[in-house]
Amino acid sequence: MRKKFALALVLLLLGPLSARAAAVKVEYPASDRALANPFVGNAVWASDPSPPGQPFTLVYANLRWADIEPEVGVYAFEAFEEENHFDRWRAEGKRLILRFVMDVPGDTGHMDIPGWLNELTGADGTHYETAYGLGYCPNYANPALIDAHRRTVKVLGMRYGDDPFVAFVELGSLGHWGEWHVHPDAGAMPVEAVRDEYAQHYLDAFKAAKLLMRRPFGFAAANRLGLFNDMAGEPVSTEEWLGWIEEGGEYGDAGEAEMLVPMPDGWKHAPIGGELPFFATAEDLLGENFERTLKLFARSHASWIAPHSFADSVEPGGPYQAAYDELNRALGYRLRVSEAECSWENGRWAVSVTLENDGCAPLYFDWRPHLRLTDAAGNMQTIPLETDLRTVLPGEPAEAAAELPDLAPGEYLVEIGIIDPATGAPGIALAMDAPESGLWYALFSIRP
């Protein structure tokens, strides 16, 4: 592998290709270094002003209905965004995972829906005290609640639906913590037709963010939504969840048979996420049980862990750092160029690259790779490569090519980078050994 890297360096530093060359193919070794790339990895709470020392690119926020709409049609967006440090995370290039909730069990009796909404619905929910905690479960089948939910989620979509900062939206709303289950002593989940109404509100409101559901419902399969597992890494619950994805099954919370449908290939077009259970520890999951943990996340094709993740429990450089890094390498996409070819054809330079994904999932956003040509005077121009990175799946190399424009005589460095549409600059670190500057990776030099 190192011999291949040495060949790349020789081509770069000692001999640019001439127009009389036939075809030259350069191979680049894969790198196993830790990367902190957009949309993947261990997330942290957006509300935490002092995040841990581990690198991260994702932040997570719960949005309680009672907080965001204290009065009918009056929205407290500024307070919510200040509490969750939106300005800071935007400035640092982080992305958000958002969940809208209306029942969060706590230590004291309370409601997570606004008081005006409770009055509007006739206070027909259930005040509960269970092993989960204390709280209030609305009557999800109440038409007034459904209508108010549609209106409010529409407003949320107007605020965040086209915002590149908001990357993922978990379809919360229903059940404790927005997890689509209710303790039997606290109320009930609605039937499928009503659940689908709530889900449709999100689909109508959010066009850019990726939507995820807690289980593989028919609505998720029909609309190619992602999935999330709020017991990620816990073997019994995760095996059950993976079983739903593979084979479907019964949705016990509503007593409906065959409500869960197989989605074994769903990860190929929509993201998988999830959080660790509240009792999970780094010692348990990254210690002696690490191989099991790694396999569960790989089989899940998970891109991220949030909101309870390893980022807040693994000491930087501590005993679980190596396991943490290995797990991060397995989450989501891990893109690289394995080889590049340059040839002089019909009076023009033609460049093709082979892209590989060493992760467990694709990049789900339409970010495009570009070539950058830099001449001896430092003048630069970029050329898009014709490919869709969302289709570059693990273990399935993909080709991308471009024909270079007419070039004035001189030497040109050819680099590759994946452009963040929000900034116009490269935003993804590639898992390859090649000289790099500002996430532009050198491929070779040419001399027309």
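Rings of Phe, Tyr and Trp (its six-membered ring) pair if their centres lie within 6.5 Å; planes under 30 degrees apart count as stacked, over 60 as edge-to-face and the rest as tilted. The model shown here is predicted, so to speak for itself: local features need pLDDT of at least 70, side-chain atom pairs count only at pLDDT 80 or more, and totals for chains, interfaces and linings use all residues. Residues are numbered from 1 along each chain as its sequence is written, and side-chain values use heavy atoms, with hydrogens and water left out.

**View 1. Trp-65 and Phe-100 form a tilted aromatic pair.** Searching the whole structure gives 20 aromatic pairs. Trp-65 belongs to helix H2 (residues 65-68) and Phe-100 to strand E6 (residues 95-101), 35 residues apart; helices (H or I, at least four residues) and strands (E, at least two) are DSSP runs, numbered from the N terminus. Trp-65 is buried, at 0% relative accessible area (buried means under 20%, exposed over 50%, partly exposed in between; 1.4 Å probe, protein chains only). Phe-100 is buried too, at 3%.

**View 2. Ring pairs join six residues into a cluster.** Here you can find Tyr-75, Phe-77, Phe-80, Phe-86, Tyr-160 and Phe-165.

**View 3. The charged end of Lys-210 sits over the ring of Phe-365.** It lies 5.2 Å from the ring centre; the criterion is NZ of Lys or CZ of Arg within 6 Å of the ring centre and within 35 degrees of the ring normal.
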